[in-house]
Amino acid sequence: MASPARRTDPIRGRLGWRAFCVCAGAALGLAACTAEQPTAPTVTGDYSERPLSDGARVLPPSGRAPASPPSPESCGALASLRPGPPVTPDAIPPGGPLADITARGRLTVGLDQNTNLLSFRDPKTGTLEGFEVDLAREIARDIFGDPSKIEFRLLTSDGRFEALENDAVDVVVHATTITCERAQRVGFSTVYFQASQRLLVPADSAIAGPADLDGRRVCTYIDTTSLATIQRVAPQATIVAVPDWDDYLTTLQRGQADAASTDDSILAGLAAQDPNLKIVGPELESEPYGIGVNKHHDELVRFVNGTLERLRADGTWMTLYDKWMTPLGPAAGPPGALYRD
């Protein structure tokens, strides 16, 4: 999953000062704000007088559940390339992507700036922060011995794969679920985060799972795996497809939908911004995240996997999780690595 970079201040965005206050406190660990917090109203089913966010589309109920896509386990997409021998910053092999990166003097990383907890812009400093931002810095640390030698480039959800194919970025760390279809197009690291698609609803909602979505409106993201999952598990639901994570909050707060659905790692960041929302229901779909690399850059895939192995082994992964992802709940540990060679 991921979202377009449409604003220079995505956390504040269109939500106004009330939502910005909540978000800043959640993102930075500050004391609770005293400003009025936004309220997500209980939806009555009459949406005609509620204008939609820019770029949103209403998709009528499909009526029939589409077939489930093949699981990434079934096609071997979760198995990546085994890390190569450790490489010191001053002994990078010539002629490959790592040599190009060291010659450039920085690692270029494609990511998002609107995903609270994972990758967002700090409202005080303007810098990018979050679990995935720190993860990318650890790759730069292993290449250069310096995590600051990195350049972040903001990508849209559908633009991330083209950016890899055109070598516009070295890696993409963009809440990207590994799928069979995507694995044919780009190279993936081992799984660095295991998310699950779930539902986000107002705190007083009676919705407890997909069985309660018939005849309701569900907000989800345009052109992602989440939309297809909702069509499959709730074919009688109307979908409000939006182009930005900010739109999830505004859609629920304005009563334009009864629920929203995407990865729980993203929903937790939204719920941290508005205490009037809650995550409910069972796992609708498994969402294993992988770092994307150009399909032809095996050397870089192996290097990234070496970094992920280090983060699992030395406790850095748990440190980053405890720093950023605790609103999602405690973690037993990082996902294990699966290799195909």
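Student: Is the crossing of α7 and α8 right-handed or left-handed?
Tutor: Happy to start there, keeping in mind that this is a predicted model. Helix α7 covers residues 245-253 and helix α8 covers residues 264-273, and their axes come within 10 Å. The handedness of the α7 and α8 crossing is right-handed.

Student: How many nonpolar residues are in the contact of α7 with α8?
Tutor: From α7, the residues W245, Y248 and L249 take part, and they meet I266, L267, L270 and Q273 in α8. By class, the contact of α7 with α8 has no charged residues and 1 polar one. The nonpolar count is 6.

Student: Which element gives the largest share of the lining of the largest cavity?
Tutor: The structure holds 1 cavity of 30 Å³ or more, and the largest cavity has a volume of about 50 Å³. Its lining includes N114, W245, I266 and Q273. At least two lining residues each come from β3 (114-115), α7 and α8. The largest share, 4 residues, belongs to α8.

Student: How many charged residues are in the lining of the largest cavity?
Tutor: Among the lining residues are T115, N116, D246 and G269. Sorted by class, the lining of the largest cavity has 4 nonpolar and 5 polar residues. The charged count is 1.

Student: Why are α2 and α9 described as roughly perpendicular?
Tutor: Helix α2 (residues 97-104) and helix α9 (residues 298-314) pack with their axes 7 Å apart. Angles of 65 to 115 degrees count as roughly perpendicular. The two helices are therefore roughly perpendicular to each other, with a packing angle of about 75°.

Student: How many charged residues does the lining of the largest pocket have?
Tutor: The largest pocket has a volume of about 660 Å³. Of its 28 lining residues, P69, T179, E181, R182 and T225 are the closest to its centre. Elements giving two or more residues to this lining are α4 (159-165), α5 (180-183), α6 (225-233) and β12 (277-293). By class, the lining has 9 nonpolar and 9 polar residues, and the charged count is 10.

How values were computed: Residues are numbered from 1 along each chain as its sequence is written. This is a predicted model: local features need pLDDT of at least 70, side-chain atom pairs count only at pLDDT 80 or more; totals for chains, interfaces and linings use all residues. Side-chain values use heavy atoms; hydrogens and water are left out. Axes are lines fitted to C-alpha atoms, for helices over the stretch in contact, and angles run from 0 to 180 degrees between N-to-C directions. A crossing is left-handed if the near helix is turned anticlockwise from the far one by less than a right angle, and right-handed if clockwise. Contact means heavy atoms within 4.5 Å. Ala, Val, Leu, Ile, Met, Phe, Trp, Tyr, Cys and Pro count as nonpolar, Asp, Glu, Lys and Arg as charged, and the others, Gly among them, as polar. On a 1 Å grid over the protein atoms alone, a cavity is a set of points where a 1.4 Å probe fits but cannot get out, and a pocket is an open set with protein on both sides within 12 Å along at least five of seven lines; lining residues have an atom within 4 Å of a point. Grid points are joined across faces, edges and corners, and a volume is the space filled by probe spheres set on the points. Angles under 35 degrees count as roughly parallel, over 145 as roughly antiparallel, 65 to 115 as roughly perpendicular and the rest as oblique.
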